[in-house]
Amino acid sequence: MQRTLFQFMRYQLVGVVTYGVDISAFLVLLNILDIDLLLANMISKVLAGLFAFFAHRMFTFGVVTSTGRGRQVIFYFSLLALNVPLSALILSAVLWVIPVEVLAKVLSDVILVLISYFQLKFIVFKTQRDYD
């Protein structure tokens with residue numbers, strides 16, 4: 001239990017840094033480059049996802065060997081490919097309730113963070129001890 005708690009704390013720390021990458025890229029794309037809201041959101045998710053894979057692999061889940069790396073890359077980026085449009089769908093739905101763009105993005109990202117943690121823990125970086 002304590003191991004899981006520390007792992008989740010590391011996940012959150014990486015998540016905060018990743019979110020910094022995400023929201024920074026989103027704001028630059030939206031406000032400076034004048035890219036459409038949903039497209040800016042999807043691009044920022046991809047950039048943040050690249051950073052997050054390596055940070056979660058090494059720091060959050062402590063994977064330092066090359067064993068299973070190919071499987072992890074395939075699963076991670078397959079889920080990222082699923083989560084990018086999912087984030088746009090969630091953002092669109094939240095915008096119906098909260099018409100403030102940045103606030104809607106923050107709330108939609110909180111929802112996606114919870115979904116993503118369980119995907120990473122039990123699909124991408126799963127170990128036998130996760131099921132013990």
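Biologist: In which helix is the place of Asp22?

Modeller: This is a predicted model, and in it Asp22 sits in helix H1.

Biologist: How should I read a salt bridge here, and with which residue does the side chain of Asp22 meet in one?

Modeller: The test is a side-chain nitrogen of Lys or Arg within 4 Å of a carboxyl oxygen of Asp or Glu. For Asp22 the partner is Lys45, at 2.7 Å from N to O. Asp22 belongs to helix H1 and Lys45 to helix H2, so this pair ties together parts that are 23 residues apart in sequence. Both Asp22 and Lys45 are buried.

Biologist: Which other residue forms a salt bridge with Lys45?

Modeller: Asp109 does, and the closest N and O atoms of that pair are 2.5 Å apart. Since Asp109 is in helix H4 and Lys45 in helix H2, the pair ties together parts that lie 64 residues apart in sequence.

Biologist: Are Asp109 and Lys105 buried or exposed?

Modeller: Asp109 is buried, with a relative accessible area of 4%. Lys105 is buried as well, at 0% relative accessibility.

Biologist: Which residues are linked when these salt bridges are put together?

Modeller: Asp22, Lys45, Lys105 and Asp109 are linked in a network of salt bridges. A search of the whole structure finds four salt bridges.

Biologist: How do I compare separation in sequence with separation in space? Take Asp22 and Ser44: how far apart are they?

Modeller: Read the two separations side by side. Asp22 and Ser44 are 22 residues apart in sequence, and their C-alpha atoms are 5.0 Å apart in space. For Arg3 and Asp22, the separation is 19 residues in sequence and 28 Å from C-alpha to C-alpha. Arg3 lies in helix H1, and Asp22 is in helix H1 too.

Biologist: What is the relative accessibility of Arg3?

Modeller: Arg3 has 31% relative accessibility and so counts as partly exposed.

Biologist: How far apart are Met9 and Leu27?

Modeller: Met9 and Leu27 are 18 residues apart in sequence and 27 Å apart in space, C-alpha to C-alpha. Met9 is in helix H1, and at 43% relative accessibility Met9 counts as partly exposed.

Biologist: Leu27 also belongs to a nonpolar surface patch; which residues make that patch?

Modeller: The patch is made by Leu27, Val102, Val106, Leu107, Val110, Ile111, Leu114 and Ile115, and covers about 580 Å². H4 gives the most to the patch, with seven residues. Val102 is partly exposed, with a relative accessible area of 38%.

Biologist: How is empty space in a model found?

Modeller: Rolling a probe the size of a water molecule over the atoms shows where empty space is left. In this structure, the largest pocket holds about 570 Å³ of space.

Biologist: How many residues line the largest pocket, and which lie nearest its centre?

Modeller: The lining has 27 residues, with Tyr11, Thr18, Leu112, Val113 and Ser116 nearest the centre. By type, the lining residues are 16 nonpolar, eight polar and three charged.

Biologist: Which helices supply the lining of the largest pocket?

Modeller: H1 (2-32), H2 (37-60), H3 (69-97) and H4 (101-124) each supply at least two residues. The largest share is from H4, with nine residues.

Biologist: Where does Asp34 lie, and is Asp34 buried or exposed?

Modeller: Asp34 is in the loop between H1 and H2. At 66% relative accessibility, Asp34 counts as exposed.

Key. Residues are numbered from 1 along each chain as its sequence is written. This is a predicted model: local features need pLDDT of at least 70, side-chain atom pairs count only at pLDDT 80 or more; totals for chains, interfaces and linings use all residues. Side-chain values use heavy atoms; hydrogens and water are left out. On a 1 Å grid over the protein atoms alone, a cavity is a set of points where a 1.4 Å probe fits but cannot get out, and a pocket is an open set with protein on both sides within 12 Å along at least five of seven lines; lining residues have an atom within 4 Å of a point. Grid points are joined across faces, edges and corners, and a volume is the space filled by probe spheres set on the points. Helices (H or I, at least four residues) and strands (E, at least two) are DSSP runs, numbered from the N terminus. Ala, Val, Leu, Ile, Met, Phe, Trp, Tyr, Cys and Pro count as nonpolar, Asp, Glu, Lys and Arg as charged, and the others, Gly among them, as polar. Patches are made of residues with over 30% relative accessible area and no salt bridge: like charges are joined within 9 Å, nonpolar side chains (Val, Leu, Ile, Met, Phe, Trp, Tyr) within 5 Å. Accessible areas come from the Shrake-Rupley method with a 1.4 Å probe; for residues, only the protein chains shown count as cover. Buried means under 20% relative accessible area, exposed over 50%, partly exposed in between (1.4 Å probe, protein chains only).
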